[in-house]
Amino acid sequence: MKNDKTLKLAVTGLMIALCYVSFTFLQIKIPTPVGFTSFHLGNTFCVLAALLLGGVPGGLAGAIGMGIGDILDPVYVTVAPKTLILKMGIGLVTGLLAHKVFRINEKSGADLKKGVILSTTGGMVFNMIGEPVFSYVYYLIVLGNAEKAAGYLAVAKFVTTGINAVLAIIIASALYLAIYPRLKNNGVLKKIAPKY
């Protein structure tokens with residue numbers, strides 16, 4: 001049992017690192033009239049972590065990994081608190097759908113694919129709704145910038161968030177479905193997956 005916790009902690013740490021690296025180094029920044037937005041693959045590993053480990057570890061992987069990426073980037077340092085909340089939300093929604101609703105660890109074949117794709121889609125839909133709404137509130141109330149808040153909803157942020165979501169759904173689902181049989185056969189999945 002103790003070894004299972006150590007393995008789960010190690011995999012969570014790996015997913016934090018992957019979220020950080022994919023957000024920081026696999027990113028294309030795009031300037032907009034109200035600041036910067038970007039294409040990145042950070043959400044991919046947040047979603048993958050939630051599929052493998054459950055909602056809380058997946059959310060923590062995204063929040064910590066991409067939160068550190070924000071803190072170390074002068075362009076995004078002011079939005080790090082917003083990132084922590086949104087990425088935790090992605091993980092929680094994806095994990096809840098994957099492990100409580102669709103029970104992906106008990107499925108195979110078409111049912112597994114359907115559960116994985118719908119779970120990742122649910123997490124990304126949360127982000128596509130949460131990102132503009134939470135950003136609007138964050139800029140208006142926390143940062144006190146009404147002009148930036150008003151413009152935030154009409155900017156390319158929606159486009160980049162949508163593209164990032166589609167990439168995350170495709171890549172995370174493909175990665176999970178590729179590694180699922182191996183992890184299940186060697187018993188690792190049973191050790192790291194949430195137990196409900």
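Which residues have the most contacts inside the largest nonpolar core? They are M15, L52 and Y176, shown with their surroundings in the views below.

The model is predicted: local features need pLDDT of at least 70, side-chain atom pairs count only at pLDDT 80 or more, and totals for chains, interfaces and linings use all residues. Residues are numbered from 1 along each chain as its sequence is written, and side-chain values use heavy atoms, with hydrogens and water left out.

**View 1. Overall fold of the protein.** Eight helices and two strands make up the protein (DSSP runs numbered from the N terminus; helices are H or I with at least four residues, strands E with at least two). The order of elements from the N terminus is α-β-β-α-α-α-α-α-α-α. The radius of gyration, taken over C-alpha atoms, is 17 Å, close to the 16 Å that the globule rule gives for 196 residues, so the protein is as compact as a globular protein of that length. The globule rule is 2.2 Å times the number of residues to the power 0.38. The C-alpha trace spans about 55 × 30 × 25 Å along its principal axes. Buried residues account for 46% of the 196 residues; buried means under 20% relative accessible area, exposed over 50%, and partly exposed in between (1.4 Å probe, protein chains only). The accessible surface, from the Shrake-Rupley method with a 1.4 Å probe, comes to about 9,600 Å², and 72% of this belongs to carbon and sulfur atoms.

**View 2. The largest nonpolar core.** A nonpolar core is a set of buried Ala, Val, Leu, Ile, Met, Phe, Trp, Tyr and Cys residues joined through side-chain atoms within 4.5 Å. The largest one has 33 residues. Two or more residues each come from α1, α2 (42-53), α3, α4, α5 (109-142), α7 (157-185) and α8 (188-192). Helix α2 gives the largest share, eight residues. Leaving aside neighbours within four places in sequence, M15 is in contact with F45, L48, A49, L53 and A61, where contact means heavy atoms within 4.5 Å.

View 3. The structure holds four aromatic pairs; rings of Phe, Tyr and Trp (its six-membered ring) pair if their centres lie within 6.5 Å, and planes under 30 degrees apart count as stacked, over 60 as edge-to-face and the rest as tilted. Y20 and F25 form an edge-to-face pair, 6.1 Å centre to centre with 90° between the planes. Y20 is partly exposed at 22% relative accessibility, and F25 is exposed at 58%. F23 and Y76 form a tilted pair, at 6.1 Å centre to centre and 45° between the planes. F23 lies in helix α1 and Y76 in the loop between α3 (55-71) and α4 (80-101), so this pair ties together parts that are 53 residues apart in sequence. Both F23 and Y76 are buried.

**View 4. V21 and G69.** V21 lies in helix α1 (residues 2-24) and is partly exposed, with a relative accessible area of 38%. V21 and G69 are 48 residues apart in sequence, yet 8.1 Å apart in space, C-alpha to C-alpha.

**View 5. Backbone at R103.** R103 is placed in the loop between α4 and α5. Its phi is near 45°, a positive value in a residue other than glycine. Most residues other than glycine have a negative phi. R103 is partly exposed, with a relative accessible area of 34%.
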